[in-house]
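Here's a friendly walk through the aromatic rings of a protein chain. Take a look at the sequence and the model before reading on.

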Amino acid sequence: KFFDDRNMGFKLTVVFLLVILIPMTILAYMSYRVLDSYIVADAHDKMDTGLKVAWTDYYLRIEQMRYGMLQAASSEDVKQAVRKKDNAQLKKMMIQWKLRRPYVDIWTIVDKDSRVIVRLNAGDAGDKFDINGVIQGALLDGEARMSTELIPKDVVRLEGHGFADKAHIAAASRTGPGARQEADEPVMALTVVVPVLDDRQRPIGAILTADIINNDNFIPDMVASKIPGLFTTISAQGWRITTNLADSHGLSVRDSQVTKSALDGVSGGTAYRGDIDINGKVYSALFDPIRDNKDNVIGSFDVSMPKDVIWAIQRRNLTVIAVITALGLLLSLLAAFISTRKITSPLNALKERLDSFGRGDMTARVDVESQGATQDEIKLLARTYTTMMDDVRRRADEKERYLRVIEAMNKEFSEIN
């Protein structure tokens with residue numbers, strides 16, 4: 001009843017706005033949802049690409065190590081030195097290899113029984129040496145072995161205190177409940193073992209090289225340089241051992257624990273995608289498991305990007321959509337006002353003329369702009385009103401004329417009588 005009793009202008013404006021507002025609201029909502037899903041999908045694609053780049057750089061590094069050692073192992077000088085267990089000669093060779101591959105940390109040559117002939121970084125030799133069966137496997141099948149392995153800390157110490165310190169994570173980060181001690185820290189390394197074969201292709205020894213990943217930001221920095229905005233982390237046994245992630249104070253989050261949900265995800269051997277919280281800052285992340293040569297999950301690769309970056313884009317898009325919607329509504333309101341005025345003004349004029357006619361003004365007319373053919377209902381109504389008024393005026397004039405004639409005739413009859 002409230003709506004029915006309102007004037008025509010109000011009704012037309014409300015109807016016009018509803019006709020525009022409802023579709024525009026639906027369009028704005030759908031646009032936001034589509035853009036939002038596109039932004040999230042784009043972020044996921046970026047992380048997928050980042051993880052592929054990380055793995056590519058990872059394998060490229062280990063392939064460089066394998067190729068270099070294959071060349072060395074095929075050298076007759078190396079074969080002769082291994083056969084003779086010439087410690088001094090092999091050490092000189094390893095020094096030259098180290099110059100070409102400065103990123104390789106551990107250099108060790110063993111005989112066919114896995115006993116150390118020489119270590120580049122230390123003088124100890126003669127001990128039986130292996131890392132998770134990698135050396136033994138290469139000696140058994142005569143094929144190069146490449147893998148990622150967890151190296152016990154005592155094995156790292158055999159290389160000298162310098163390398164133990166390199167793998168050692170700053171004690172300052174080890175505070176509070178649950179802090180790990182140095183002995184508990186996992187040391188992860190890219191490991192390559194290349195067998196040295198005699199003329200009959202039988203193993204007479206092997207060359208072990210290992211690149212310690214702990215505190216080595218090569219891969220995180222490489223990914224960041226190729227895909228700005230992405231952060232890369234390598235974790236071992238649930239602890240971050242190298243990363244370019246930083247907390248709100250700008251301090252590295254290395255040696256922090258990986259989120260339990262992500263750790264549970266990759267521990268099952270599958271990739272994990274989800275949000276992680278690092279000291280109150282939320283990141284969208286993608287994790288991939290890292291396996292050793294026995295196919296055990298020993299760590300993870302993950303790439304991440306701050307959620308506030310995604311939220312900022314979403315807020316910016318929402319603002320743009322809201323502004324466009326508001327402008328659309330303002331334009332709709334203006335169009336509704338103009339259209340309503342164009343409709344109601346002639347109707348109000350017609351009402352005024354009818355009121356004048358009701359008060360006895362027989363000359364009241366509605367001006368019609370166009371006298372030609374038209375399909376405008378308001379103009380047709382005005383013309384119909386004008387025609388009706390003309391007919392009424394004509395009949396009134398005829399009635400008045402007839403009355404004058406009758407009055408004149410009555411006057412004549414009175415004079416006759």
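## What "buried" means here

A residue is called buried if its relative accessible area is under 20%. Keep in mind that this is a predicted model.

W107 is a clear case: its relative accessibility is 0%, so it falls under that 20% cut-off and counts as buried.

## Rings that pair up

There are 8 aromatic pairs in the structure. Take W55 and Y58: their ring centres are 5.3 Å apart and their planes meet at 85°, which makes this an edge-to-face pair because the angle is over 60 degrees. Both sit in helix α1 (residues 8–73), and since they are 3 residues apart there, about one helical turn separates them. W55 is buried at 14% relative accessibility, and Y58 is buried too, at 1%.

Now for W97 and W107, whose pair is tilted, with 6.3 Å from centre to centre and 35° between the planes. This one ties together distant parts of the chain: W97 belongs to helix α3 (residues 87–100) and W107 to strand β1 (residues 106–111), 10 residues apart. Like W107, which has 0% relative accessibility, W97 counts as buried, with a value of 9%.

## A cluster of rings

Which residues do ring pairs link into a cluster? They are W55, Y58, Y59 and F301.

## Charges over rings

R61 places its charged end over the ring of F218, 3.9 Å from the ring centre. Over the ring of F129 sits the charged end of R119, 5.2 Å from the centre of that ring.

Key. Residues are numbered from 1 along each chain as its sequence is written. This is a predicted model: local features need pLDDT of at least 70, side-chain atom pairs count only at pLDDT 80 or more; totals for chains, interfaces and linings use all residues. Side-chain values use heavy atoms; hydrogens and water are left out. Rings of Phe, Tyr and Trp (its six-membered ring) pair if their centres lie within 6.5 Å; planes under 30 degrees apart count as stacked, over 60 as edge-to-face and the rest as tilted. Helices (H or I, at least four residues) and strands (E, at least two) are DSSP runs, numbered from the N terminus. Buried means under 20% relative accessible area, exposed over 50%, partly exposed in between (1.4 Å probe, protein chains only). A charge sits over a ring if NZ of Lys or CZ of Arg is within 6 Å of the ring centre and within 35 degrees of the ring normal.
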